[in-house]
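Colleague: Hi! Could you walk me through this structure? I'm still new to reading these.

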Amino acid sequence: MRQFIWRGTIILFCAFVLTFNTGSARAGGWPRAPGTGEIITTVTRMYANERTEDKVDLTTGKVSPYRYRKTEISSYLELGLFENLTAIGELAHTKERSELTVGTFENKGISRLKAGFRYSIGTWEDILFSVQPLVTLHLEDISENPVAIHNGDMDAELALVFARSERVFGLDTFSIQEVGWSFRNSGRPDEFRADVTFGAKPWPGTMFLLKSLNAAAIEAAPNEKVYRANKVAFSVVQMLPEEIMPGASIEAGVEKLIDGAGTIEETAYRIGLWYRF
């Protein structure tokens with residue numbers, strides 16, 4: 001855990017340094033104007049054929065076969081309530097399948113419901129500071145979740161959000177850093193995360209997003225696994241012509257685990273529809 005926190009601190013420090021040279025594209029780190037908002041609906045397909053931990057069967061000395069597939073459909077909402085207050089919500093449906101030596105496990109259904117808000121505190125050195133409390137209710141048992149999520153479990157997260165936007169070399173760019181701590185019930189370990197998003201608009205109507213997603217449990221999970229995950233993600237968001245669907249954009253992207261422990265070697269592909277209103 002200490003190694004992860006140092007790594008996350010270094011990532012955030014580098015991000016702050018870069019934001020002083022980057023920059024007027026806007027994304028999720030800024031408040032929505034009252035009465036306006038955005039809905040992002042995505043379909044994500046995840047593949048994994050390996051785990052990060054040792055897969056050798058101690059009784060036979062053979063590597064245990066493993067195959068995991070998950071499809072998730074989620075809708076994320078941001079809605080401006082007041083000048084500095086933005087409501088946040090998310091609903092997700094998950095279908096997963098795990099193929100192991102001992103058998104095949106499948107489940108599907110509404111997997112989580114998330115609600116909270118982001119409150120903008122103020123700006124210093126052109127960096128917008130916000131606090132973001134979120135509560136997540138889990139509605140499905142997830143077989144390949146490193147913190148042993150079960151139906152009825154709840155997470156309460158408090159995050160700090162730092163956002164900066166500028167125009168540099170003719171490009172609209174931005175960066176968002178989130179540092180969060182999740183408090184979990186049912187004996188599951190709390191989690192620390194440090195995420196960084198860089199965005200750029202190379203030309204009108206197109207946006208590139210590059211993300212570093214880092215999370216770790218502060219102690220071993222009930223299954224005695226010590227969870228840590230460092231992922232990278234890249235996506236392209238393209239605005240649709242106004243005559244087709246005003247206020248809408250499409251997204252295509254990929255996300256991959258690059259380092260971790262107590263989890264799966266996942267690769268995920270994502271397509272989405274963004275709608276501003």
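Modeller: Happy to; we'll go through the cores, the salt bridges and then the surface. Keep in mind that this is a predicted model.

Colleague: Great. Which residues make up the largest nonpolar core?

Modeller: There are 11 residues in it: Trp-30, Ile-40, Leu-128, Val-161, Ala-163, Phe-174, Ile-176, Met-207, Leu-209, Val-237 and Trp-274. In soluble globular proteins, nonpolar side chains tend to be buried together.

Colleague: Which elements give two or more residues to this core?

Modeller: Strand E6 (154-168), strand E7 (171-184) and strand E9 (206-217) do. There is also a second, separate core of seven residues, which includes Ile-149, Ala-217, Ala-229 and Leu-257.

Colleague: Back to Trp-274. What does Trp-274 touch, not counting residues up to four places away in sequence?

Modeller: Several parts of the chain come up. Trp-274 touches Glu-38, Ile-39 and Ile-40, then Met-207, Leu-209 and Val-237, and also Gly-247, Ala-248, Ser-249 and Glu-251.

Colleague: New topic: how many salt bridges does a search of the whole structure find?

Modeller: The search finds 23 salt bridges. Side chains of opposite charge can pair when their charged atoms come close.

Colleague: Which parts does the pair of Lys-114 and Glu-90 tie together?

Modeller: Lys-114 sits in strand E4 (residues 103-124) and Glu-90 in strand E3 (residues 85-100), so the bridge ties together parts 24 residues apart in sequence.

Colleague: And is Glu-90 buried or exposed?

Modeller: Glu-90 is buried, because its relative accessibility is 12% and the cut-off for buried is under 20%. Lys-114 has a relative accessible area of 22%, so Lys-114 is partly exposed.

Colleague: Nice. Which residues are linked in a network of salt bridges?

Modeller: Asp-153, Asp-155, Arg-184, Arg-188 and Glu-191 are linked that way.

Colleague: OK, now the outside. Which residues form a nonpolar patch on the surface?

Modeller: The patch is formed by Ile-39, Leu-77, Ile-244, Met-245, Ile-250, Leu-273, Tyr-275 and Phe-277, and together they have about 650 Å² of accessible area.

Colleague: Where does Met-245 lie?

Modeller: Met-245 is in the loop between strand E10 (228-239) and strand E11 (248-261). With 31% relative accessibility, Met-245 counts as partly exposed.

Colleague: Last one, Ile-73. Where is the place of Ile-73?

Modeller: Ile-73 is in strand E2 (residues 67-82), and Ile-73 is partly exposed at 42% relative accessible area. Leaving aside neighbours within four places in sequence, Ile-73 is in contact with Thr-42, Val-43, Leu-91, Ala-92 and His-93. From C-alpha to C-alpha, Ile-73 and Ile-271 are 9.9 Å apart in space, although 198 residues apart in sequence.

Definitions and conventions: Residues numbered from 1 in each chain as written. Predicted model: local features only at pLDDT ≥ 70, side-chain atom pairs only at ≥ 80, totals over all residues. Heavy atoms only, no water. Patch = residues over 30% accessible without salt bridge, like charges linked within 9 Å, V, L, I, M, F, W, Y side chains within 5 Å. Areas by Shrake-Rupley, 256 points an atom, 1.4 Å probe, with all protein chains shown as cover. Salt bridge = Lys/Arg side-chain N within 4 Å of Asp/Glu carboxyl O. Helix = DSSP H or I, 4+ residues; strand = E, 2+ residues; numbered from the N terminus. Buried < 20%, exposed > 50% of the residue type's maximum accessible area, 1.4 Å probe, protein only. Contact = heavy atoms within 4.5 Å. Core = buried A, V, L, I, M, F, W, Y, C linked by side-chain atoms within 4.5 Å.
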